[in-house]
Amino acid sequence: MASALPEEMRRLLLPYARAGVSDWSQVPGHVRGAMVTSLGGPRRIALKEEEAEYALATSGNPDSAKLIPMPRIPGNVGFQQAFFSPLVTDGGGSTRVAFEVVVIARGNILPYRFEQAMRSGTHTYDHVQMSREILGRTYTIDKVPDWLPTRYPAHPLPSRDALGLFLCVLTSMHGYRGGSQEIVRDVLVKEHRSADAMRYLRRLDALFGDDD
Amino acid sequence: MRVLVCDDQKERAEEAREAIRRSELDDADVELLVGRDLTNALAALFRRVKESVDNPAGYAPAEALRFDGFDLVIFDNNLSELEFDGARLTAESMVGYVRAFSDCPYCVSLNKNPDVGFDLRYLVGDHETRADLALNTDHLENRGLWTGRQDDALDGFLPWYWPALADVPERRREQVRFVQERLMGKVLSSLGLPEAEPSLSYLSRHGRGALVPSKSAGDWLFIDMFLERDRSLPAESLDSRKALASSAAESEPVAEVVARVIAADLDLWFRRDLVAPQEMLVDVPHLVMRMPFLLAGDPSETKAWQDAVASESAPFGLDAEIYRAQVAKARFQHGMWVPRPMFLWPLLKENEVLDDLFFKAASSETEIADVVFCEDRSMFAPRVPGGDQSPPREFTAEFEGASARRVVAVVPGYEYRPWSRFVD
């Protein structure tokens, strides 16, 4: 069953998504065009702020899901571009959040799926695994190898809730010091949400900071 | 302060004078120039303009103009009933000439956009006006408009982008002197602004092309602005402007005209491309929103934030030690161009000590009040107010840059335009 994005996540995801769309608009047109084509066309990508906001507002609905560009940070040259898409589901009295993350590197597509702990089975811990699906579409084209295993390895993550899971997504993509720390601060401060920034930074610190 | 109100209709001019009287400005001496007297004053002005353009080298104004000796000239924009041969007049068509050829430093256009109380587009009021500032008659009774102080604001309405009208004449005179001493000088270096990347990128593409479209910003000369802009002297050809520019080196009166034109354009550039975007320069309230740990007081209390808005002397409500060691050296040094203290944001953003302090504050459990700076009230307010108060509204201004998303309280009875800029 579909559900809305929890407010605590929405307050971070919205500025993050807007920053991603803004950065995306600075990517040269021919590079953007190639990426859009390889991901299945413009309908699948949030190309404007409003599209990203709508995609986040309807995160429980797979039909309106779109890939949202992630912000770039200077110096991160490991991949050309990454996109994310949250999927919120309601079931058994609780809300679960998962993230599809798509990395484009040298024209190839690497889809990941970040998931909260399953209620039963072997994956009863927050984890990330490879995927061959993007927005419900299974990729069998040569840009995504069809031999990719999608259930294992399921790498454990230190998060224990949905917000923590998203902070793991950020840190996977940007690193921590000079990475997710800066991104979280910058996207929120840009929108005059320094109180939020402090709070999310504390959560990041609890997950990835030094013990001292 | 001597104010001259100009209008084709006496009743409207009297309304403006009455509005100023209601502001209870201490030393306002308001005179009216209306109807036939205004026609005659403008005719004398344009005779002077013609003399200067026809013979720049011999330009030596002998008689005073009716506009001389005032600190502020206020024109109603609609002058269609003025007895003038030819086209129907608006303030827009002449206000630049008044500014350039009289010694009155600052010109306001009234009622050009009567349905715009707050400008959500560029945070300047009206970025297209040839006047120094576009206002409406009812704004004049707001004492805060003249003093810049929130506790003087009528209904609490005080756009942060309004310059304090009582201060602007003297600031403009300083601006003109600054320019006149440097007509052949480079603009950015004279102002202490970065001339090259990466810091220059904090100036938007619009800002880098607005003053001298033919040159890179680092190469601008003050005199280039006189040649390439026609905001003040719209009817003069490039050849006429060139003739005036080349006479400026020899003729003090021509140099004054040229400097007044440039100073007015540069002032608008500061407001439109530096003060409003808060990218190259940042003022105290926008700075503490980015670095709340700078506040001297308890950042969990709204009062500490408001103290930083109201403070008029260093360290401006900021922690004195951090201000002295890290912030003061980034202060923009030419205060006549900005309405309040401003700092070079590229220097502060790249300051490693300040960067560390942010993350230290985050890990030290410092509580930060969830407040927003309301651009229409010039004050901080809780993002989520208590009781049945309406929350502030976010909007996206039209200028380029990372700080286009802003907040207004939305004061009842005032028009915010265009409505489409609101994001919720």
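This is a predicted model: local features need pLDDT of at least 70, side-chain atom pairs count only at pLDDT 80 or more; totals for chains, interfaces and linings use all residues.
Which residues of strand E11 (residues 371-374) of chain B point one way, and which the other way?

**View 1. Side-chain directions in strand E11 of chain B.** B:Val371 and B:Phe373 point one way from the strand, whereas B:Val372 and B:Cys374 point the other way. All of these residues are buried.

**View 2. The hairpin formed by E11(B) and E12(B).** Strand E12 of chain B comprises residues 379-382 and runs antiparallel to E11(B), to which 4 bridges join it. Within this pairing, B:Val372 has B:Ala381 of E12(B) as its bridge partner. Between the two strands of the hairpin are 4 residues. In the turn, B:Ser378 has a positive phi of about 55°.

**View 3. The largest nonpolar core.** This core contains 152 residues. The members that touch the most other members are A:Phe84 and A:Phe99 from chain A, together with B:Phe67, B:Phe75, B:Leu193, B:Trp269 and B:Phe270 from chain B. Helix H10 (residues 252-275) of chain B supplies the largest share of the core, 13 residues. In soluble globular proteins, nonpolar side chains tend to be buried together.

View 4. A:Ser59 counts as buried because its relative accessibility is 2%, under the cut-off of 20%. The side chain of A:Ser59 reaches the backbone oxygen of A:Leu56 at 2.7 Å.

Terms used:
Residues are numbered from 1 along each chain as its sequence is written. Chains are lettered from A and ligands numbered from 1 in the order in which they are written. Side-chain values use heavy atoms; hydrogens and water are left out. A nonpolar core is a set of buried Ala, Val, Leu, Ile, Met, Phe, Trp, Tyr and Cys residues joined through side-chain atoms within 4.5 Å. Buried means under 20% relative accessible area, exposed over 50%, partly exposed in between (1.4 Å probe, protein chains only). A polar contact is a pair of N or O atoms within 3.5 Å; within protein, one must be able to donate a hydrogen and the other to accept it, and residues adjacent in sequence count only if both atoms are side-chain atoms. Two strands pair if DSSP finds at least two bridges between them.
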